Amino acid sequence: MKASKLIWKNGEMVPWAEATVHVMAHGLQYGTTVFEGIRCYATHQGSAIFRLKAHLRRFVESAKAYRMILPYKFEELAAACRRVIVDNELSSAYIRPIAYRGYGSIAVDPQGKCPIDMAIAAFEFGAYLGSNAVSQGIDACVTSWHRLTSATNPVLAKAGGHYANAFLIAAEAHANGFGEGLAVTAQGHIAEASASNVFLVREGILFTPPLSSTILGGITRDTVFQLARTLDLRIEEQVLPREWLYSCDELFLTGTAAEITPIRSVDHIPVGDGQVGPVTQSIQRAFFGLFDGQTADRWGWLDWVQ
Ligand SMILES: Cc1ncc(COP(=O)(O)O)c(C=O)c1O
């Protein structure tokens, strides 16, 4: 991670090295944090935060699921996200807002004795899954770890504690030499990757699991839905059998960090002919076109920093 100069912390801009947390903070001890991952792109018309409102909406919803009342209003959070870009003189960046139960009580339910602290960092960020991942694809595996279930956690929330599960999925895949791990639901259906959603293509139709397949409702996933409509691609949201990972024509991941990353094999079985397929390429073109002006932003997704 490349450090920037300043981090927004509880309403103040503080030096990167001083944005620290007490070791007894509740969020560190028990994972009671909620966060977002947002990209700011250097577009042909200046820096723009991609789908800022959608990310902040999910952030607020995640906090609500964990019974956190955020001490800042929506517009204050949006302004702080823009400010960390400007004050750090960044043109493109990854923005990481986080809210956490701070220091105050060791009780699992601190009953209001821990403050809700917040920070927003922004820093330079490149390709998440490796420099050639977006153009050439990655090799993935299905991991022995399943995705969390809605019976144990509000899985639609982007909460720090859930990423202990994501870590196990990613780390098992990496330990076995794969670029990313895919997790199934408790019932064995396709859920998602450690930190991205999954789409597959069969006979020209795009398929992706529904929210009830215990996935995170990705903003990039929603972006692909809307782009697919403009490309006249049929898209089906349905429970997907694991076997389709091995018999589909194309497979790709979507996420703020992963962007649109093709998968070329699963468990050493090639996806299609092992090359990046035409549907994936057209989605990639439409997606990256938003940032170089090739795709008109008819949705107002680009939130200009200045
Ligand atoms: C578990 C998980 N699923 C899916 C995604 C993709 O979500 P988004 O497209 O909003 O980044 C992410 C990343 O935020 C994630 O962490």
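Visitor: How does helix α2 lie to helix α3, and why?
Guide: This is a predicted model, in which local features need pLDDT of at least 70 and side-chain atom pairs count only at pLDDT 80 or more, while totals for chains, interfaces and linings use all residues. Residues are numbered from 1 along each chain as its sequence is written. The axes of α2 (residues 52-65) and α3 (residues 74-87) come within 11 Å and cross at roughly 125 degrees, with axes being lines fitted to C-alpha atoms over the stretch in contact and angles running from 0 to 180 degrees between N-to-C directions. Because angles under 35 degrees count as roughly parallel, over 145 as roughly antiparallel, 65 to 115 as roughly perpendicular and the rest as oblique, α2 is to α3 oblique.

Visitor: Which element gives the largest share of the side of domain 1 that touches domain 2?
Guide: The protein chain is divided into domain 1 (6-123) and domain 2 (133-292), with bounds from an automatic or database domain assignment. Between them, 21 residues of domain 1 are in contact with twelve residues of domain 2. At least two residues each are supplied to that side of domain 1 by β3 (33-35), β4 (38-43) and α2, where helices (H or I, at least four residues) and strands (E, at least two) are DSSP runs numbered from the N terminus. The largest share, six residues, comes from α2.

Visitor: How do α6 and α8 lie to each other?
Guide: The axes of α6 and helix α8 (residues 278-292) come within 10 Å and cross at roughly 105 degrees. Their contact joins Thr223, Val224, Leu227, Ala228 and Thr230 of α6 to Ile283, Ala286 and Phe287 of α8. The two helices are therefore roughly perpendicular.

Visitor: Which element gives the most to the shell around the ligand?
Guide: Of the 14 residues around the ligand, Leu216, Gly218, Ile219, Thr220 and Thr256 come nearest, a residue being near if its C-beta atom, placed from the backbone, lies within 6 Å. Two or more residues are given by α6 (219-230) and by β14 (250-255). With three residues, the element that gives the most is α6.

Key: Two residues are in contact if their C-beta atoms, placed from the backbone, lie within 7 Å.
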